[in-house]
Amino acid sequence: MRKNLTAELGRRLWLAGNAATADDAAAVDAAAVDAAAADQLDDLETAYAVESVTRDLAIAAGGRVVGYKVGLTAQPVRDTFGATEPAAGHLLAHRLLEDGEPLATAGLFTPMAEVEIAFILGEALPDPQVTAQDVRNATAAVAPAFEIVDSRWRGGPRTLPMLVADNTNAARALLGSPVAPPAGADLAKITSTLSIGSRTVPGSAAAVMGDPAEAVAWLARHLLRGGRRLEAGDIVLSGTLCAPTPISAGDRLIADLGELGRIALDVN
């Protein structure tokens, strides 16, 4: 029964993320998965199994995993979901936007923007006791990034297992220009400003588990418990510096992360 549940929910969530391409809002909403389908989704082990089904379906369709994302990196958000630790999702190559490519909202449900620090690893992290310092040593570059989060559940996830099963709301991402990790710099002291027209949203890397490298270290340990690991070349979105912010067609997003640089994204 549990195996049938994971396969069916994984299939429905994957289809929702790939079939909802119409411009018509009603057609897009119809592709969302009814939250009632998750009534039996009541534990994290099953939730991560559902997420794995969506990953396997994406790969079978020609997709390629290029890295991971860490969600629930701020304590208040973990409290909201009753989570004792962050949550992990995967990044697919075809979901990464090219520099200058606009974000198409067609096919998205209720997209929101997050400002993040992306880590690009130069070495694998195979130690089950990996630390934030190990992450810093293994990082080849960091980059300012936007993550666009979006839920395939109609009305959004109401439980932690629903969030995890839906690949922790991963939808799209854009990386800015990579830079070498600032020598001796404390990434936890990085602040950000997200501008959308006249709106400004402040952010701080300290909100990401106190230090974004700590979030990547948690991810490395989490993957190793499941038989996977972070590899050289992997991209990791370490967690949002600011509150997830609703966006819509016509918006222009600009994020300034100080010494890490700026990044811009137009929304169509």
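In this predicted model, strand β7 (residues 191-196) and strand β11 (residues 252-256) run antiparallel and are joined by four bridges. One of the residue pairings places I196 across from L253 of β11. Both strands belong to an open sheet of four strands, arranged in the order β8-β7-β11-β12 with antiparallel pairing. Strands β8 and β12 (262-266) form the edges of this sheet, each pairing on one side only. From one strand to the next, the twist averages 15°.

With strand β2 (residues 87-92), β1 pairs in the antiparallel sense over six bridges, and K69 stands opposite G89 in β2. With strand β9 (residues 235-240), β1 runs parallel, and three bridges join the two. Here Y68 has V236 of β9 as its bridge partner. In a regular strand, side chains alternate between the two faces of the sheet.

The largest nonpolar core contains 70 residues; L41, I117, F119, F146, L219, L230 and L253 are the members that touch the most others. Helix α7 (residues 212-225) gives the most to this core, contributing eight residues. Apart from it lies another core of nine residues, which includes L91, A141, A145 and I235.

Which residues surround L230, leaving aside its neighbours within four places in sequence? L230 is in contact with Y68, L121, A124, L125, V216, L219, A220, L223 and V236.

L72 lies in the loop between β1 (65-71) and α4 (75-81), while M209 lies in the loop between β8 (199-204) and α7. Their values are set out below.

| Residue | Phi | Relative accessible area |
|---|---|---|
| L72 | near 55° | 8% |
| M209 | about 55° | 28% |

M209, by contrast, is partly exposed, because its value of 28% lies between 20% and 50%.

Technical notes:
Residues are numbered from 1 along each chain as its sequence is written. This is a predicted model: local features need pLDDT of at least 70, side-chain atom pairs count only at pLDDT 80 or more; totals for chains, interfaces and linings use all residues. Side-chain values use heavy atoms; hydrogens and water are left out. A nonpolar core is a set of buried Ala, Val, Leu, Ile, Met, Phe, Trp, Tyr and Cys residues joined through side-chain atoms within 4.5 Å. Buried means under 20% relative accessible area, exposed over 50%, partly exposed in between (1.4 Å probe, protein chains only). Contact means heavy atoms within 4.5 Å. Two strands pair if DSSP finds at least two bridges between them. Axes are lines fitted to C-alpha atoms, for helices over the stretch in contact, and angles run from 0 to 180 degrees between N-to-C directions.
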